[in-house]
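This report sets out computed features of one protein chain.

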Amino acid sequence: LDTLAPGNPMLIDRERSFTVELLAEDMLLINATASQLANGANRALVGSEILQFALAEPLGGRTWRLSGLLRGRGGTEHSVGGHVANETFVLIDQRLRLLDPALVSSGPNAQILAAGRGDPDPVGDLIDLRGISLRPPHPVHGKSKTYADGSLELSWARRGRGAWFWLDGADTPLVEENER
């Protein structure tokens with residue numbers, strides 16, 4: 001309902017919050033522990049940013065205040081600013097499905113239609129974030145070192161598509177056909 005202020009995707013955002021209105025009063029949001037967040041709990045798409053929230057405070061009716069935010073998840077750190085009021089809020093779970101490219105139009109006005117049991121008509125919406133799953137995420141932890149001879153060494157930590165969870169003691173898997 002309100003505008004989500006820009007935030008830092010490298011830190012837990014304990015200062016900002018935003019308010020959402022759900023479609024029905026019987027819909028609930030729940031809090032998540034740090035461990036649950038690390039395992040992907042409470043992921044949501046807000047505009048074009050994927051974020052996670054630790055705290056869900058009911059404000060009455062269908063309205064909730066969400067806080068304890070992890071911003072710019074899933075390679076959407078470029079979207080942590082520029083939010084506007086009344087953006088779409090969609091919870092994301094682990095049940096992601098690959099869409100057959102042969103069945104999905106590639107035009108800018110392509111829609112996905114969904115119909116559940118008991119729905120009289122399908123519901124359609126434009127495809128947002130087209131191609132985001134194909135683009136490798138930006139590297140992190142960039143460092144530079146200048147040597148006495150004037151040469152420069154640049155290093156960084158890679159991130160891989162599909163490797164969104166931190167596995168203690170393990171390097172991030174490449175999840176790519178090759179690395180350049």
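## Burial and overall fold

Of the 180 residues in the chain, 26% are buried, where buried means under 20% relative accessible area, exposed means over 50%, and partly exposed covers the range in between (1.4 Å probe, protein chains only). The model is predicted, so local features need pLDDT of at least 70 and side-chain atom pairs count only at pLDDT 80 or more, whereas totals for chains, interfaces and linings use all residues. Residues are numbered from 1 along each chain as its sequence is written, and side-chain values use heavy atoms, with hydrogens and water left out.

Along the sequence the elements follow the pattern β-α-β-β-β-β-β-β-β-β.

## Salt bridges

Side chains of opposite charge can pair when their charged atoms come close. With a salt bridge taken as a side-chain nitrogen of Lys or Arg within 4 Å of a carboxyl oxygen of Asp or Glu, the count is five. One of them joins Arg62 to Glu21, with 2.5 Å between the closest N and O atoms. Arg62 lies in the loop between β3 (49-60) and β4, and Glu21 in strand β1 (residues 12-21), so this pair ties together parts that are 41 residues apart in sequence. Both partners are partly exposed: Arg62 has a relative accessibility of 33%, and Glu21 has a relative accessible area of 40%.

Glu49 and Arg71 form another salt bridge, in which the closest N and O atoms are 2.7 Å apart. Because Glu49 belongs to strand β3 and Arg71 to strand β4, the pair ties together parts that are 22 residues apart in sequence.

## Cavity

Rolling a probe the size of a water molecule over the atoms shows where empty space is left. A cavity is here a set of points, on a 1 Å grid over the protein atoms alone, where a 1.4 Å probe fits but cannot get out; lining residues have an atom within 4 Å of a point. Grid points are joined across faces, edges and corners, and a volume is the space filled by probe spheres set on the points. A search of the whole structure finds one cavity of 30 Å³ or more.

The largest cavity has a volume of about 40 Å³. Its lining is formed by Gly75, Glu77, His78, Ile132, Arg135, Pro136, Pro137 and His138. These lining residues comprise three nonpolar, three polar and two charged, with Ala, Val, Leu, Ile, Met, Phe, Trp, Tyr, Cys and Pro counted as nonpolar, Asp, Glu, Lys and Arg as charged, and the others, Gly among them, as polar.

## Nonpolar surface patch

Leu152, Leu154 and Trp156 make up a nonpolar patch on the surface, and together they have about 380 Å² of accessible area. Patches are made of residues with over 30% relative accessible area and no salt bridge, with like charges joined within 9 Å and nonpolar side chains (Val, Leu, Ile, Met, Phe, Trp, Tyr) within 5 Å. Accessible areas come from the Shrake-Rupley method with a 1.4 Å probe; for residues, only the protein chains shown count as cover. Trp156 is located in strand β9 (residues 152-157) and is exposed, at 57% relative accessibility.

## Backbone and chain contacts

Asn42, although not a glycine, has a positive phi of about 55°; it sits in the loop between α1 (34-38) and β2 (43-46) and is buried, with 14% relative accessible area. Asn86 also has a positive phi without being a glycine, at about 65°. Asn86 occupies the loop between β4 (63-73) and β5 (89-92) and is exposed, with a relative accessible area of 60%.

Leu66, in strand β4, is buried at 0% relative accessibility. The C-alpha atoms of Leu66 and Val20 are separated by 7.6 Å, although these residues are 46 residues apart along the chain. His141 is in strand β8 (residues 140-146) and is exposed, at 57% relative accessible area. Between the C-alpha atoms of His141 and Arg158, 17 residues apart along the chain, the separation is 8.7 Å.

Technical notes. On a 1 Å grid over the protein atoms alone, a cavity is a set of points where a 1.4 Å probe fits but cannot get out, and a pocket is an open set with protein on both sides within 12 Å along at least five of seven lines; lining residues have an atom within 4 Å of a point. Helices (H or I, at least four residues) and strands (E, at least two) are DSSP runs, numbered from the N terminus.
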